[in-house]
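Visitor: I have a structure open here and I'd like to go through it with you. Can we start with the strands and then move on to the charged residues?

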Amino acid sequence: MTPSKYSKILGTGSYIPSRTLTNQELEKMVDTSNEWIIERTGIKERRLAKLDGSETCSEMGAFAAKKAMEAANIKPDEIDLILFATVSPDYKLPSTAAVLQQKLGIKNECPCLDIVAACSGFLYGLVIADSMIKTGIYKNILIIGAELLQPFVDWTDRTTCILFADGAGAAVLGRADENDSSKILSSTLSCDGTGDKLLFVPSGGSASPLNKEKLERKEDKLVMEGKQIFKYATRTMMRNSQMALEAAHLSVSDLQWFIPHQANLRIIEYLAKKLEINMEKIIVTVEKYGNNSAATIPIALDEAVRAGKIKRGDKCAMTAFGAGVTSGAVVLQY
Ligand code: UT7
């Protein structure tokens with residue numbers, strides 16, 4: 001295939017799990033309060049997936065992907081590559097992308113790949129897909145950000161269980177030319193591996209296989225240095241946003257919309273202040289969905305598109321940070 005000057009988002013989709021967990025319910029589970037959670041995080045409630053197999057990571061991803069393919073007007077066998085961003089895969093192996101392929105009725109044996117970049121995963125996927133479309137290797141790429149974090153959360157740890165949630169979002173990326181009003185304009189990705197233990201699951205990988213003692217110590221659950229992560233979040237999202245905007249020859253005032261990773265409303269407000277972006281331009285979903293990691297950005301994007309907020313041609317920046325510590329930003333005309 002001939003190279004393409006640009007890529008663009010052809011369509012988006014999302015899936016929000018049915019169960020709502022309120023702050024009041026959390027008050028009964030751990031020593032916390034609705035007031036504390038709202039003041040420190042902005043979260044009022046979050047969504048959790050059913051654990052009966054009907055809302056697995058791949059199932060939620062499939063729901064979101066089908067909507068994205070429908071919006072993009074792309075048939076299953078027109079997908080050339082599946083990129084599935086998640087840190088909560090259905091299985092250690094095979095990839096969740098491979099599990100998803102058959103659920104979408106894709107029979108063309110397209111390559112399938114998981115991306116492990118935590119909350120930055122969807123943006124990592126977007127950047128990989130953008131470059132593969134530009135080189136002409138693939139025409140239509142499906143990118144999913146989906147998480148079923150529930151099994152990895154210690155529901156007795158008030159410092160983490162108030163934050164995390166489940167959900168899925170997806171987008172189909174395709175070719176665009178110079179005159180197209182929709183196109184990805186620029187992107188940056190980064191990772192500072194010195195922060196690899198700031199947000200991690202200590203055991204269950206090959207470096208520390210699980211045993212009875214480790215399970216008793218809950219080493220299969222997420223641990224987080226909240227304050228440190230907070231600092232990384234604001235620093236890395238700010239730097240990546242500025243770099244991507246510069247590469248697109250745009251300034252903050254040129255943007256119609258800004259979608260940051262939805263981890264904590266305070267992080268979003270701090271970033272808005274530092275970047276001098278009016279909160280009205282920022283898509284916020286964290287208060288109702290919590291932090292569903294790789295799914296936050298595609299869900300926020302899909303909701304804003306479907307609500308008629310983000311329109312074709314609107315200039316939009318997205319930025320994320322996550323365990324690793326990974327980070328990135330993408331600037332596009334939707
Ligand atoms: O996708 C990446 C995901 N992670 C993040 O984005 C995390 C980023 N960090 C944060 O969002 C915030 O640091 C937290 C929300 C996790 C914590 O907020 P904070 O303002 O940094 O609180 P803190 O850790 O400084 O804790 C203040 C106090 C402590 O009590 P003492 O030591 O002052 O007596 C905590 O023990 O609040 C206590 N605390 C709570 N109290 C009620 C911690 N968690 C809770 C809680 N309810 N859930």
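**Strands, then charges**

Guide: Strands S12 (residues 315–322) and S13 (residues 326–333) run antiparallel and are joined by eight bridges. Keep in mind that this is a predicted model.

Visitor: Which residue is the bridge partner of lysine 315 in S13?

Guide: Glutamine 333 is the partner of lysine 315 there.

Visitor: What sheet do these strands form, and in what order?

Guide: The sheet is open and has four strands, in the order S8-S13-S12-S11, with mixed pairing.

Visitor: Which strands stand at the edges?

Guide: Strand S8 (183–191) and strand S11 (257–260) do. Each has a single partner strand, so one side of each is left without a neighbour in the sheet.

Visitor: And what does the twist average from one strand to the next?

Guide: The average is 10°.

Visitor: Which helix packs on the sheet?

Guide: Helix H5, residues 121–135, packs on it and touches S8, S12 and S13. The direction of H5 makes about 125° with that of S8.

Visitor: Now the charges. How many salt bridges are found in the whole structure?

Guide: A search finds twelve. One of them joins the side chains of arginine 158 and aspartate 31, at 3.7 Å from N to O. That pair links distant parts of the chain, 127 residues apart.

Visitor: Where are the two residues, then?

Guide: Arginine 158 is in the loop between strand S6 (141–148) and strand S7 (166–176). Aspartate 31 is in the loop between helix H1 (23–29) and helix H2 (34–41).

Visitor: Is aspartate 31 buried or exposed?

Guide: Aspartate 31 is exposed, because its relative accessible area is 61% and the cut-off for exposed is over 50%. Arginine 158 has 46%, so it counts as partly exposed.

Visitor: Give me another salt bridge. What does lysine 103 meet?

Guide: The side chain of lysine 103 meets that of glutamate 59 in a salt bridge of 3.0 Å, N to O. Lysine 103 lies in helix H4 (residues 96–103) and glutamate 59 in helix H3 (residues 57–72), so the pair ties together parts that are 44 residues apart in sequence.

Visitor: How accessible are those two?

Guide: Lysine 103 is partly exposed at 28% relative accessibility, and glutamate 59 is partly exposed at 23%.

Visitor: And which residue forms a salt bridge with glutamate 303?

Guide: Lysine 288 does, and the closest N and O atoms are 3.0 Å apart. Glutamate 303 is in helix H10 (residues 296–306) and lysine 288 in helix H9 (residues 286–289), with the two residues 15 apart. Glutamate 303 is partly exposed, with a relative accessible area of 23%, and lysine 288 is partly exposed at 30%.

Visitor: Is arginine 46 buried or exposed?

Guide: Arginine 46 is buried, yet it has no salt bridge.

Visitor: Why does it have none with glutamate 45?

Guide: Glutamate 45 is the nearest side chain of opposite charge, but it is 7.3 Å away. The side chain of arginine 46 does have a polar contact of 2.9 Å with the side chain of asparagine 23.

Visitor: Last one. What about lysine 231?

Guide: Lysine 231 lies in helix H7 (residues 226–247) and is exposed, with a relative accessible area of 52%. The C-alpha atoms of lysine 231 and glycine 174 are separated by 35 Å, and the two residues are 57 apart along the chain.

Definitions and conventions. Residues numbered from 1 in each chain as written. Predicted model: local features only at pLDDT ≥ 70, side-chain atom pairs only at ≥ 80, totals over all residues. Heavy atoms only, no water. Buried < 20%, exposed > 50% of the residue type's maximum accessible area, 1.4 Å probe, protein only. Lys, Arg positive; Asp, Glu negative; His and termini not counted. Salt bridge = Lys/Arg side-chain N within 4 Å of Asp/Glu carboxyl O. Polar contact = N/O pair within 3.5 Å; in protein donor to acceptor, adjacent residues only side chain to side chain. Pairing = 2+ DSSP bridges. Axes fitted to C-alpha atoms, helices over the stretch in contact; angles between N-to-C directions. Contact = heavy atoms within 4.5 Å.
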